[in-house]
Amino acid sequence: LGMVRHWQHVREAVGHRGWRMFANGLGAVTTAIVTLVIVIAKFDRGAWVVLIIVPLLVAAFLWLRRYYTRDRIFVEENFPQVTASVAIVPIFNVRDARTELRYAAKVAPHAIAVHIVADEAEAESFHRRWDAIMGQSTTGHEPQLEIIISPYRNVVFPMARFVEWVAQEAPPEETFAILLPQSEHLALWERPLHRRIAQRVRAVLEREQDGHRFRIVNLPYRLAPPSARPKLDA
């Protein structure tokens, strides 16, 4: 049933969408009938557990989905006042890019936005979202975009290596500011839900910078309240 809804709302043109909806709908009906038969026939032999476990799992997944679609609210008044020749902006969450790029324009005359993808198809998809973001940007100048393909979805080390490479190849007089988001006021139960990619990138850079001319700038943010309606991704 979820796949039927997916094909109803898919944005890109997909061939044979009607057939796909029919096939998934038929699968949903068939699965529902089989489930009902098994629950009735085997109810006293453990099938009742399914009636408890499955709704709990679905409720947990829906809650997680709502949690991960909550917007980040950057605490811009707590952003540090720094200056640099180049601002490097790792893009972890596309929806946050406008805030980060607006601050990057204040920090340095030149900004480099870098994003990690798994393959060429994902790179093209990100390009489309990036064009939509830049169409609404108010920073005044467009940053340089760098997309790094990492087939195994390893984000931390490719991002850190790119930053180090840019710093090493630049002229000696240039300085760099690396803008990394930093979550504030996370509860203990929330921490396992976060991959903490920015924090891990920060740890690698702090351990290996060895005199490189870059400064790590933390951009504090908080999650929007659960009742707040999330902004649609570009």
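Tutor: Quick ground rules: the model is predicted, local features need pLDDT of at least 70, side-chain atom pairs count only at pLDDT 80 or more, and totals for chains, interfaces and linings use all residues. Residues are numbered from 1 along each chain as its sequence is written, and side-chain values use heavy atoms, with hydrogens and water left out.

Student: Which parts does the pair of Arg 102 and Glu 76 tie together?

Tutor: Arg 102 lies in helix H4 and Glu 76 in the loop between S1 and S2, so parts 26 residues apart in sequence are tied together. Helices (H or I, at least four residues) and strands (E, at least two) are DSSP runs, numbered from the N terminus.

Student: Why is Glu 164 called buried?

Tutor: Buried means under 20% relative accessible area, exposed means over 50%, and partly exposed is in between (1.4 Å probe, protein chains only). Glu 164 has 8%, so it counts as buried. The side chain of Glu 164 meets that of Arg 161 in a salt bridge at 3.4 Å, N to O. Arg 161 has 37% and therefore counts as partly exposed.

Student: How far apart are Glu 164 and Arg 161 along helix H6?

Tutor: They are three residues apart in H6 (residues 156-169), which means a separation of about one helical turn.

Student: How do you know that Glu 184 and Arg 222 form a salt bridge?

Tutor: Their side chains meet at 3.3 Å, N to O, so the distance passes the cut-off. Glu 184 lies in the loop between S5 and H7 and Arg 222 in strand S6, so this pair ties together parts 38 residues apart in sequence. At 24%, Glu 184 counts as partly exposed, and Arg 222 is partly exposed too, with 38%.

Student: What about His 185: buried or exposed?

Tutor: His 185 has 67% relative accessibility, so it counts as exposed. His 185 is found in the loop between S5 and helix H7 (197-208). Its phi is near 60 degrees, a positive value in a residue other than glycine.

Student: What makes S5 and S6 a pair?

Tutor: Two strands pair if DSSP finds at least two bridges between them. S5 and S6 have eight, in the parallel sense, so they qualify. Gln 182 stands opposite Pro 220 in S6. Strand S1 (residues 72-74) also joins S6, through three bridges, and those two run antiparallel. Phe 74 has Tyr 221 in S6 as its bridge partner.

Student: What is the largest nonpolar core made of?

Tutor: A nonpolar core is a set of buried Ala, Val, Leu, Ile, Met, Phe, Trp, Tyr and Cys residues joined through side-chain atoms within 4.5 Å. The largest has 25 residues, and Tyr 103, Val 107 and Leu 179 have the most contacts inside it. H4 gives the most to this core, with five residues.

Student: Which residues does Val 107 contact, leaving aside neighbours within four places in sequence?

Tutor: Val 107 is in contact (heavy atoms within 4.5 Å) with Val 82, Thr 83, Ala 84, Ala 87 and Ala 177.

Notes:
Salt bridge = Lys/Arg side-chain N within 4 Å of Asp/Glu carboxyl O.
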